[in-house]
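I opened a notebook for this structure and wrote down what I looked up, in the order I looked.

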Amino acid sequence: MVLSVLNGLLAGLAIAVLVFIPSAAWNDGSQLTMQLERGMPARAPVEVLRARDRFRHRRILQGAAPSSYGVVDFPVEGSWNPFTVGLYFTRVKLGNPAKEFYVQIDTGSDILWVTCNPCNGCPTSSGLNIKLESFEPDKSSTSSSISCSDQRCTSAIQTGEATCSSSDSSSSPCSYSFQYGDGSGTSGYYVSDTLYFDTVTENEQTLNSSATIIFGCSNSQSGDLTKSDRAIDGIFGFGQHELSVISQLSSAGVAPKVFSHCLKGSDSGGGILVLGEIVEPGIVYTPLVQSKPHYNLNLESIAVNGQTLSVDSSVFTTSNTQGTIVDSGTTLAYLAEKAYDPFVNAIIASASSNLVSSFVAKGNQCFVTANRIDDVFPPVSLNFMGNASMILKPDDYLIQQGSAGNGIIWCIGWQKNDGQGITILGDIVLKDKIVVYDLANQRIGWTSYDCSQSVNVSTSSGKNEYLNSNQLDTSASNKYPKLRLPSAVAIVVHILVATALLL
């Protein structure tokens, strides 16, 4: 997606662009345009983020635990910040001998897929400075292919996640093809192999565990997925269909049918991702909308600075063309078209006018202020069914875009979903919160939280207090195992800046 933020001199101010390169700035009569692709670590205009998310949204628009459970722990790397990393990802180990893969954490899709060898168009290096791997089924002693006659393939065909043509024999591989709105895509076939993961038990032990799962083996990628500057090994879908990993592990009795994440909003990023229920005080729950392919919630109203927006409640009603979706694979947030202008107008009206100057740049509402944004801008409340409110701070809806003199430029990071009644809550909203996806009870819960702190995670027989990153603190004096999160994500990014384009 391509968005430009500001052009020329705004209100007589020379606007400096903060792209981690001091000399980068707008010149009179020129426009600074930057490309932000999936995982591309460059400072990009809001339009770039909006377009990238729009591509995946086209795909979205298409269409009780046994006592033996422990808590499955996955490491988290990356950041929501589109100017450093732009996505959260984890690592999974597959096959025998095991190989480790970097995969994006995506609650907006169902399938875990990784790049396989051979692969047409798949990148071999990454601008995120991570080593890319490819899965080779014939070199794993535990790998087996999934055929078109397999009942699991038949089920996946019904949900649109697998394909088998009428000419295929029963032994033909169960295939898939995922297309994105920008013309990029991936295709391949399903295999069965071993997934290795860490299980944290209530008696302060971290166990090396494994289970046989089905996942996608990508042998072709096209469009933007072929670019190295934003490359990862695949996508880890956390949806609730039969072939999602969370569903497979639950059906196998390996993990409860609930997962939780707490994504750090700082530039260093990281966070917590577990198959288990985080049970901290203050978590509020709202029911999931039934019979929907994504994590749809019943949003009833939006309040800015305590005042409910004058938007008809029918705007948020869930249907085939309306509703509210929680999606960790989306960078920004998108409001249904009819709710967007009232939201922006309420932010402008509630901002402390003596502390901020406002302007519109390329259709985006922006502000300049030298003060802390918490002292200038109002809180926002998303009010869901069951009296469950999500309270948002200004940095949950604003993006820092540059500087002007002694002031900082902030633009509203929520975008209008033009022509659509869909509201999508991406990482800008989900960060710095515990989010619990309780699929067994068909509900989602949340609370604001410092994701660098420890959390309590429930099992049916007790709680485990831990952080992520697989580091067990055996000296802990309490009864629960505690894991410590590194102070910074151990990844190096390359700063990329596109050239200025003359208007």
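Entry 1: The model is a predicted one. With that term I looked up an open sheet of 4 strands, which has the order β20-β19-β25-β26 and antiparallel pairing. At its edges I found β20 (307–308) and β26 (388–392), each of which pairs on one side only. I then followed β25 (residues 380–384) to β26 and counted 5 bridges, in the antiparallel sense. Within that pair, Val380 has Leu392 of β26 as its bridge partner.

**Entry 2: the whole chain.** I stepped back to the totals. The protein chain has 6 helices and 35 strands. It has 503 residues, and 59% of them are buried. The exposed surface comes to about 19100 Å², with 47% of it supplied by carbon and sulfur atoms.

**Entry 3: the other sheet.** I looked up an open sheet of 5 strands next, and noted its order as β18-β21-β30-β22-β29 with mixed pairing. Its edges are β18 (296–297) and β29 (414–417); each has a single partner strand, so one side of each is left without a neighbour in the sheet.

Strand β21 runs parallel to β30 (residues 421–425), and 5 bridges join the two. Strand β21 also takes 2 bridges from β18, and that pair runs antiparallel. Which residues are the bridge partners of Ile325 in these strands? In β30 the partner is Ile424, and Ile325 is also the bridge partner of Asn296. I noted as well that Gln322 stands opposite Gly421 in β30. As for cover, 4 of the 5 residues of β21 are buried, which leaves the strand mostly covered.

**Entry 4: the core.** I asked which residues have the most contacts inside the largest nonpolar core. That core has 84 residues, and the ones with the most contacts inside it are Phe343, Phe377, Val380, Leu382 and Trp414. Helix α4 (residues 337–350) gives the largest share of the core, 6 residues. Why does the core lie between domain 1 and domain 2? Domain 1 (70–255) and domain 2 (279–458) both give residues to the core, so it lies between them.

I picked Trp414 and listed its contacts, leaving aside neighbours within four places in sequence. Among them are Tyr340, Phe343, Val380, Leu382 and Leu392. The list also includes Ala333, Leu335, Ile428 and Val429.

**Entry 5: backbone geometry.** For background I noted that most residues other than glycine have a negative phi, and most peptide bonds are trans. I then looked for exceptions.

- The peptide bond from Asn96 to Pro97 is cis, with omega near 5°. Pro97 sits in the loop between β6 (87–94) and β7 (99–106).
- Asn117 and Pro118 are also joined by a cis peptide bond, with omega about 5°. Pro118 is in strand β8.
- Asn305 is not a glycine, yet its phi is positive, about 55°. Asn305 lies in the loop between β19 and β20, and is partly exposed at a relative accessible area of 42%.
- Asp432, likewise not a glycine, has a positive phi near 60°. Asp432 lies in the loop between α6 (427–430) and β31 (433–438), and at 22% relative accessibility it counts as partly exposed.

**Entry 6: two loop residues.** I looked up Glu133 in the loop between β8 (112–120) and β9 (144–145). Is Glu133 buried, exposed or partly exposed? Buried would need under 20% relative accessible area; Glu133 has 23% relative accessibility, so it counts as partly exposed. Leaving aside neighbours within four places in sequence, Glu133 is in contact with Lys99, Glu100, Phe101, Thr115 and Asp233. The C-alpha atoms of Glu133 and Cys116 are separated by 8.3 Å, and the two residues are 17 residues apart along the chain.

Gln205 is partly exposed, at 40% relative accessibility. Gln205 and Gly70 are 135 residues apart along the chain, while their C-alpha atoms are separated by 10.0 Å.

Conventions
Residues numbered from 1 in each chain as written. Predicted model: local features only at pLDDT ≥ 70, side-chain atom pairs only at ≥ 80, totals over all residues. Heavy atoms only, no water. Buried < 20%, exposed > 50% of the residue type's maximum accessible area, 1.4 Å probe, protein only. Areas by Shrake-Rupley, 256 points an atom, 1.4 Å probe, with all protein chains shown as cover. Core = buried A, V, L, I, M, F, W, Y, C linked by side-chain atoms within 4.5 Å. Domains from an automatic or database assignment. Contact = heavy atoms within 4.5 Å. Pairing = 2+ DSSP bridges.
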